[in-house]
Amino acid sequence: GPALEALRRGVGRDPECALAWVQLSRLHVANHAFEVATADTSLEQGLAFAQHAVHLDPSSQRARSVLAFAHLVRGETASALAEAEAALALNPGSFVYAEMIGWLLWLLGDWERGTALARKAVARNPHYMAHADSTIWMDHLRRGEFGDAYQAAIRYRDPAFFWRSLMRACCLGHLGRPEDARGPIADILGTKPDFTSRGRT
């Protein structure tokens, strides 16, 4: 809530600040996707804010990545992939934002390249975003490598939303350790009491 209000005030005072529009879009789209808070954050507004950010700064990998995320959440996979590719093409050798682009590519079906970008970010950036561990976790799950997936889940350090606990509980279930999964499951339900009915959504 406070972040939304601050960003709304920020774009009102400086409507040419692309980064503020990017962050405002991110909050809208993430809140729509993960149902974090009861706030007025429509997906359509999130998409419009990201498009505006790209219009203001077409050379921003961050803006194009957030626009790709908005398209992905809307189910517009061709548009999402085009924006993710455009973000990568802006600076393909950079490790900055590589994990976000890799995460997007993985979710859009380019598993090999998405995982490679995530691993590159981990290897080259000591302050990489948690998206890298999420991508590596998903890829290990896809391959049935549950022990390696659990190690990626342990490395995942972002306490926001419910992903850290979900990743750990998922792996522990696959590893046949339901008793060990009780703690992470309690954490999920503490953060999202309606997870039993809304988890798949």
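**Helix packing and burial in a predicted model**

Helices H8 and H10 are roughly parallel to each other, a label given to angles under 35 degrees. The model is a predicted one, in which local features need pLDDT of at least 70 and side-chain atom pairs count only at pLDDT 80 or more, while totals for chains, interfaces and linings use all residues. Residues are numbered from 1 along each chain as its sequence is written, and side-chain values use heavy atoms, with hydrogens and water left out.

**H8 against H10**
- H8 (residues 131-143) and H10 (residues 163-174) pack at an angle of about 20°, and their axes are 12 Å apart.
- Contact, meaning heavy atoms within 4.5 Å, is made by Asp 133, Ser 134, Trp 137 and Leu 141 of H8 with Leu 166, Met 167, Cys 170, Cys 171 and His 174 of H10.
- The residues of this contact divide into six nonpolar, two polar and one charged.

**Helix H6**
- H6 (residues 98-107) is mostly covered, with nine of its ten residues buried, that is, under 20% relative accessible area with a 1.4 Å probe and protein chains only.
- The cover over the buried residues of H6 includes H2, H4 (61-73), H5 (77-90), H7 (111-124) and H8.
- After H6 comes Gly 109, which has a positive phi near 100°.

**Asn 31 in H2**
- Asn 31, which lies in H2 (residues 18-34), counts as buried at 11% relative accessibility.
- Its side chain makes a polar contact (a pair of N or O atoms within 3.5 Å, one able to donate a hydrogen and the other to accept it) with the side chain of Thr 41, at 2.7 Å.

Definitions and conventions. Axes fitted to C-alpha atoms, helices over the stretch in contact; angles between N-to-C directions. Helix = DSSP H or I, 4+ residues; strand = E, 2+ residues; numbered from the N terminus. Parallel < 35°, antiparallel > 145°, perpendicular 65-115°, else oblique. Nonpolar A, V, L, I, M, F, W, Y, C, P; charged D, E, K, R; others polar. Buried < 20%, exposed > 50% of the residue type's maximum accessible area, 1.4 Å probe, protein only.
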